[in-house]
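Please read these notes with the structure open beside them. Each point can be checked on the display.

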Amino acid sequence: MTIRLQTCTACGAHQYPARDLCRTCLRDELIWADDSGRGRLLAATTLHRSLDPATALPLGIGAVALDAGVRVIAFLGHGVQPGDRVVLHAAADTEENQIFTAERDSSDA
Amino acid sequence: MSGARDYRGVAVTSPVTIPYARRSDKPAHWFIGSALRALLDASGLEKDAIDGLAVSSFSLGSDTTIALTEHFDMSPRWIEWLPTGGASGVMALRRAARAVQDGDANIVACIAGDTAGSASFSDLVKDFSRFSSAAVYPYGAAGPNGVFALITDNYMRRFGAERADFGRIAVAQRTNARGNPNALLGAKPLSIDDYLAAPPIAEPLHLFDCVLPCAGAEAFLVMSDERARALGLKHARIRGAIERHNAFFEDPLAERGGWAMDRDALYAQAGLGPDAVDCLQTYDDYPVIVAMQIEDLGFCGKGEAPAFLRAHDLTVEGDFPHNSCGGQLSCGQAGAAGGFLPVVEALRQVTRQPLGRQVPGARIALASGYGMVTYDRCLASGAVLLEGMA
């Protein structure tokens, strides 16, 4: 399972959320590259209120530091705890609109 | 250090507050214009004497400072627009002070005001920034509560903070709000048991960790100290001021703010240290951010705020007077005016013009700001040391 991550072919930097130029070298040489989606869950919250009435509550979200060097807010899969190694799964219609869920990384036993 | 020149010769005067309201049908223009009128009333100045205008707001629609000059029939020779929320009070003060020092304006009105309609807060959150629309809002549409819940959760894990530590901040501020007629929650007592028993919003955040969005305005004047004296205005001088943007952007989660980069420059410019501060006015959008400011402004080390909070009394009469008007947690968050509140309250305290209770003997006040959560943390931070000259 992989996600797509905006990557600079000039300097190799990864970035998220998507930008229009490389955040590091400012060059216009960005591609969408496959990434393992692996990282660590740093913090989690259970939401009990939402500004969108359609949101099903309670809802778990978390902050993930990807090994690729970017930080991502993601939905949390069952039983994932801060400190856990996780892998992101993406539901998406386009690369820029990937919606991530962090699941425990079973390959990292 | 930065080597920035000092703020000699500049006076900050005339703290004014337009009463907060939970909701208002009046647009932000009304609140900002009312604050301008209140500044004239407080200073005895005619509108024509105001030749500089700095404004901060989130709810002016397509208008900015320039449009307001037409709304208010003004012809200033210097204007500034500060779409930087929680940091805009310190930023307006710094810019206005330089304009006065350089002669680009004689008297600058610094005003922040916002309205609050039934949908205005959720509309603001939904389109707050490109990053948050793309990468935060889709995850439960929690607004800032979601992001600051993550920051709080991380802080508690890293540094052993407990909910009761943050509760001390909220409870002390509610005590401080007593007697402040502008504090929307000032009449509602809050005990630590009430705090701990509150319903969850975004765990670990519960109800009394979150501010009440409201309408209102905060404002002050900046001019030369010569002019302030001639006008007979109680005023403060600026001992030091800093700002920093997108600090520590490689930190995986916000554990510190820009103050940590610049506090040495702040105290060096002021020629004093944290021990000389008589009252601290922080930007209290969430208690964890107060804890960070206490650390990053040098009152204790990183991660030591929980112990500091257990060891100190943050009420007006306590040994560490903090957010003496009740802060946003008890007054409400009047949009961008929340970013002016620390500066205005600091000015009120050191010039003996509190809305509520006076910190005994306050001469030096430190006000700080923190604003603009465009993704997973606030980007803008600032701080100013004011000394009362009244």
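This is a predicted model: local features need pLDDT of at least 70, side-chain atom pairs count only at pLDDT 80 or more; totals for chains, interfaces and linings use all residues.

1. Chain A. Eight strands and zero helices make up the secondary structure of chain A. Along the sequence the pattern reads β-β-β-β-β-β-β-β. The C-alpha atoms of chain A fill a box of roughly 40 × 35 × 20 Å along the principal axes. Of the 109 residues in chain A, 37% are buried. Counting contacts in chain A between residues at least 6 apart in sequence, 45% join residues at least 24 apart.

2. Contact between the chains. Here 23 residues of chain A meet 27 residues of chain B. On the chain A side, β4, β5 and β6 (71–76) are the elements that give two or more residues each. The largest share, six residues, comes from β4(A). By class, the side of chain A that touches chain B holds 15 nonpolar, five polar and three charged residues.

3. Domains of chain B. Chain B is divided into two parts: domain 1 covers 10–119 + 215–230, and domain 2 covers 127–212 + 236–388. The centres of domain 1 and domain 2 of chain B, taken over C-alpha atoms, are 23 Å apart. Their contact takes 32 residues from domain 1 of chain B and 38 residues from domain 2 of chain B. On the domain 1 side, β1 (10–21), α3 (88–102), β4 (107–114) and β7 (215–224) of chain B each supply at least two residues. That side of domain 1 has 16 nonpolar, eleven polar and five charged residues.

4. Helix α6 of chain B. Gly160(B), with a positive phi near 70 degrees, follows α6(B).

5. Surroundings of α6(B). This helix is mostly covered, with twelve of its 16 residues buried. Among the buried residues of α6(B) are Pro144(B), Phe148(B), Leu150(B) and Tyr155(B). The buried residues pack against elements of both chains: β4 (38–47) and β5 (59–66) of chain A, and β5 (200–202), β6 (205–206), α11 (287–296) and β10 (364–373) of chain B.

6. Helices α3(B) and α14(B). Helix α14(B) covers residues 337–350, and α3(B) packs with α14(B) at an angle of about 65 degrees, with the axes 6 Å apart. From α3(B) the contact uses Ser88(B), Gly89(B), Val90(B) and Leu93(B), while α14(B) brings Gly339(B), Phe340(B), Pro342(B) and Val343(B). These residues divide into five nonpolar, three polar and no charged.

7. Helices α7(B) and α11(B). Helix α7(B) covers residues 163–177; the axes of α7(B) and α11(B) come within 9 Å and cross at roughly 95 degrees. Angles of 65 to 115 degrees count as roughly perpendicular, and α7(B) and α11(B) are therefore roughly perpendicular to each other. Phe166(B), Ile169(B) and Ala170(B) of α7(B) make the contact with Pro287(B), Val288(B) and Val290(B) of α11(B). By class, this contact has six nonpolar, no polar and no charged residues.

Key: Residues are numbered from 1 along each chain as its sequence is written. Chains are lettered from A and ligands numbered from 1 in the order in which they are written. Domain bounds come from an automatic or database domain assignment. Two residues are in contact if their C-beta atoms, placed from the backbone, lie within 7 Å. Helices (H or I, at least four residues) and strands (E, at least two) are DSSP runs, numbered from the N terminus. Ala, Val, Leu, Ile, Met, Phe, Trp, Tyr, Cys and Pro count as nonpolar, Asp, Glu, Lys and Arg as charged, and the others, Gly among them, as polar. A residue is buried if 20 or more other C-beta atoms lie within 10 Å of its own, exposed if 12 or fewer, and partly exposed in between; C-beta atoms are placed from the backbone. Axes are lines fitted to C-alpha atoms, for helices over the stretch in contact, and angles run from 0 to 180 degrees between N-to-C directions. Angles under 35 degrees count as roughly parallel, over 145 as roughly antiparallel, 65 to 115 as roughly perpendicular and the rest as oblique.
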